[in-house]
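Here is a short report on one protein chain.

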Amino acid sequence: METTGLDVSTARVVEIACVKIDIDGNRTEKHSLINPTIPIPKEASDVHGITDDKVQGKPRFIEFRIS
């Protein structure tokens, strides 16, 4: 997970990612950007590279569905 900050009481998710490794070593990777509905601080963007422009039009966390 990537977020808008470190404070768990105010930070919001901006990316969800996971890796599945099968017993035969086959890897499946998935990731999705999430619109936090608040501006992403520059300090957070500097760490993970996710900006307000990148999450524009993406689902909010409450709307997110794994596909």
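Read along the sequence, the protein chain runs β-β-β-α-α. That gives two helices and three strands. Helices (H or I, at least four residues) and strands (E, at least two) are DSSP runs, numbered from the N terminus. This is a predicted model: local features need pLDDT of at least 70, side-chain atom pairs count only at pLDDT 80 or more, and totals for chains, interfaces and linings use all residues. Residues are numbered from 1 along each chain as its sequence is written, and side-chain values use heavy atoms, with hydrogens and water left out.

The three strands form an open sheet, ordered β1-β2-β3, with antiparallel pairing. Two strands pair if DSSP finds at least two bridges between them. The edge strands, β1 and β3, each pair on one side only. Seven antiparallel bridges link β2 and β3. Glutamate 15 has leucine 33 in β3 as its bridge partner.

| Strand | Residues |
|---|---|
| β1 | 2-3 |
| β2 | 13-21 |
| β3 | 27-33 |

The C-alpha trace spans about 40 × 25 × 25 Å along its principal axes. Of the 67 residues, 19% are buried (under 20% relative accessible area, 1.4 Å probe, protein chains only). The chain exposes about 5200 Å², and carbon and sulfur atoms supply 55% of it. Accessible areas come from the Shrake-Rupley method with a 1.4 Å probe.

Contacts are heavy atoms within 4.5 Å. Among those between residues at least 6 apart in sequence, 36% join residues at least 24 apart.

Notes
Buried < 20%, exposed > 50% of the residue type's maximum accessible area, 1.4 Å probe, protein only.
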